[in-house]
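Please read this briefing alongside the sequence and the coordinates.

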Amino acid sequence: MNKATATSQQTADAILLATRPPQGCWNESDYLWLTDRCNRLIEFADGFIEELPVPTDSHQSILLFLFRMFDQRVLTAGGVALVAPLRLRIRENRFREPDLMLLQDAKDPRRQDRYWLGADLVAEVVSPDDPERDYVRKRADYAEASIPEYWIVDPGQQEVTILTLGEDGYIDRAPLGLGDLATSSVLEGFSVAVSALFDAVSAS
């Protein structure tokens, strides 16, 4: 099709706008179709999509420092650690895109190419636009998905909260501050100084 007969961008946008599902009416297929074709971070919960904020320099610096630490630990033991964007299916009609997630076995059947069906550990770097997203809503979702360990890294408070899964959801833990070591219960022997995480911002 040449430019003379091609549909104009304005018309194409109007078609997409008219045919898109309204909020509350999205389904899993709609969500997967959209996120397969765009480069935005978008999550999906029971009919609604939510676009996440664009990561900042400090967000990425902290995340990539943490990723390198986890990656070095799990890679040598045959595991895999990856960072967003990569979809995690919580259950039917519910997807998240964790900042970081890992599996101790790279051949774990939950590791699917299009999206993962679970993880051994996930981590989120808290975004200042909506801290409740990471502290409350994602906590509930990751517990529902039976993810054993959830790290919440909060640059604003310079704290790390590590939640481990119990019978009734995640067990509350006191946040760790700059003088503390953040230690994983899933990865035996793994720890990182909380101060080193936030020093990654100034070092970048």
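The notes below begin with the chain as a whole and then turn to individual side chains.

This is a predicted model, and its chain of 204 residues, of which 41% count as buried, contains five helices and twelve strands. Along the principal axes, the C-alpha trace spans about 65 × 40 × 35 Å.

**Contacts, surface and charge**

- Taking the contacts between residues at least 6 apart in sequence, 53% join residues that are at least 24 apart.
- The chain has an accessible surface of about 11,100 Å², and carbon and sulfur atoms account for 51% of that area.

**Aromatic pairs**

- The count of aromatic pairs comes to eight, and one of them, Phe70 with Phe190, is stacked because the ring centres lie 4.5 Å apart and the planes meet at 15 degrees, under the 30 degrees that the term requires.
- This pair links distant parts of the chain, since Phe70 belongs to helix H3 (residues 57-75) whereas Phe190 sits in the loop between strand E11 (181-183) and strand E12 (191-193), 120 residues apart; Phe70 and Phe190 are both buried.
- Tyr150 and Tyr170 form a tilted pair, with ring centres 6.1 Å apart and planes at 45 degrees; the pair links strand E8 (residues 149-154) to strand E10 (residues 169-171) across 20 residues, and both tyrosines are buried.
- One aromatic cluster is made up of Tyr31, Phe44, Phe95 and Tyr115.

**Salt bridges**

- The structure holds 21 salt bridges, among them one between Glu124 and Lys138 with an N to O distance of 2.9 Å, which links strand E7 (residues 121-125) with helix H4 (residues 131-144), 14 residues apart.
- Glu124 has a relative accessible area of 2% and is therefore buried, and Lys138, at 2% relative accessibility, likewise counts as buried.
- Asp46 and Arg91 form another salt bridge, their closest N and O atoms being 2.9 Å apart; because Asp46 lies in the loop between E1 and E2 and Arg91 in strand E4 (residues 88-91), the pair ties together parts that are 45 residues apart in sequence.
- Asp46 counts as partly exposed at 39% relative accessibility, as does Arg91 at 28%.
- Glu51 forms a salt bridge with Arg40, with 3.8 Å between the closest N and O atoms; Glu51, in strand E2 (residues 48-51), and Arg40, in the loop between helix H2 (28-36) and strand E1 (42-45), are eleven residues apart.
- At 47% relative accessibility Glu51 counts as partly exposed, whereas Arg40, at 51%, counts as exposed.

Key
Residues are numbered from 1 along each chain as its sequence is written. This is a predicted model: local features need pLDDT of at least 70, side-chain atom pairs count only at pLDDT 80 or more; totals for chains, interfaces and linings use all residues. Side-chain values use heavy atoms; hydrogens and water are left out. Helices (H or I, at least four residues) and strands (E, at least two) are DSSP runs, numbered from the N terminus. Buried means under 20% relative accessible area, exposed over 50%, partly exposed in between (1.4 Å probe, protein chains only). Contact means heavy atoms within 4.5 Å. Accessible areas come from the Shrake-Rupley method with a 1.4 Å probe; for residues, only the protein chains shown count as cover. Rings of Phe, Tyr and Trp (its six-membered ring) pair if their centres lie within 6.5 Å; planes under 30 degrees apart count as stacked, over 60 as edge-to-face and the rest as tilted. A salt bridge is a side-chain nitrogen of Lys or Arg within 4 Å of a carboxyl oxygen of Asp or Glu.
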